[in-house]
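Please look through the model below with these numbered points beside you.

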Amino acid sequence: MRLSKTSDREQTALKVINRHKGKRIVYETYKRKDPNMAEKYMNFIARNRNAMYISWDKERKKFVA
């Protein structure tokens, strides 16, 4: 887990996550159970702010919409 301040991109992603109940629940669950996944989820949201149906691709090991 990083100790640096969040970037503008990450802050924007967190705003998107916090405005959407489902995304917020998913993010908070990842944060508790697997912080690395939470960071990957946040980075995905930062790149894909309007993504509706997000899932984890086990083969490619990344989030997809």
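1. Asp57, with a relative accessibility of 19%, counts as buried, where buried means under 20% relative accessible area, exposed over 50% and partly exposed in between, using a 1.4 Å probe and protein chains only. Its partner in a salt bridge is Arg60, and the closest N and O atoms of Asp57 and Arg60 are 2.9 Å apart; a salt bridge is a side-chain nitrogen of Lys or Arg within 4 Å of a carboxyl oxygen of Asp or Glu. A search of the whole structure finds one salt bridge. Side chains of opposite charge can pair when their charged atoms come close.

2. Please keep in mind that this is a predicted model, in which local features need pLDDT of at least 70 and side-chain atom pairs count only at pLDDT 80 or more, while totals for chains, interfaces and linings use all residues. Residues are numbered from 1 along each chain as its sequence is written, and side-chain values use heavy atoms, with hydrogens and water left out.

3. Lys61 lies in the loop between β1 and β2, where strands (E, at least two residues) and helices (H or I, at least four) are DSSP runs numbered from the N terminus. The phi of Lys61 is near 55°, a positive value in a residue other than glycine, and Lys61 is exposed, with a relative accessible area of 58%. Most residues other than glycine have a negative phi.

4. Helix α3 covers residues 35–47, and its 13 residues reach 19 Å from the first C-alpha to the last, close to the 18 Å expected at 1.5 Å a residue; the expected span is 1.5 Å times one less than the number of residues. Which residues of α3 are buried? They are Met37, Ala38, Tyr41, Met42, Phe44, Ile45 and Ala46, and what covers them includes α1, α2, β1 and β2. Glu39, also found in helix α3, counts as partly exposed at 25% relative accessibility.

5. The largest nonpolar core has 13 residues, and those with the most contacts inside it are Ile17, Tyr27, Tyr41 and Ile45; such a core is a set of buried Ala, Val, Leu, Ile, Met, Phe, Trp, Tyr and Cys residues joined through side-chain atoms within 4.5 Å. Helix α3 gives the most to this core, with seven residues. Leaving aside neighbours within four places in sequence, Ile45 is in contact (heavy atoms within 4.5 Å) with Ala13, Val16, Ile17, Lys23 and Ile54.

6. The axes of α1 and α3 come within 8 Å and cross at roughly 95°; axes are lines fitted to C-alpha atoms, for helices over the stretch in contact, and angles run from 0 to 180 degrees between N-to-C directions. These two helices, α1 and α3, are therefore roughly perpendicular to each other, given that angles of 65 to 115 degrees count as roughly perpendicular, under 35 as roughly parallel, over 145 as roughly antiparallel and the rest as oblique. Among the residues making this contact are Ala13 and Ile17 of α1 and Tyr41 and Ile45 of α3.

7. The axes of α1 and α2 come within 5 Å and cross at roughly 115°, which makes α1 roughly perpendicular to α2. The residues in this contact include Leu14 and Ile17 of α1 and Lys23 and Tyr27 of α2.
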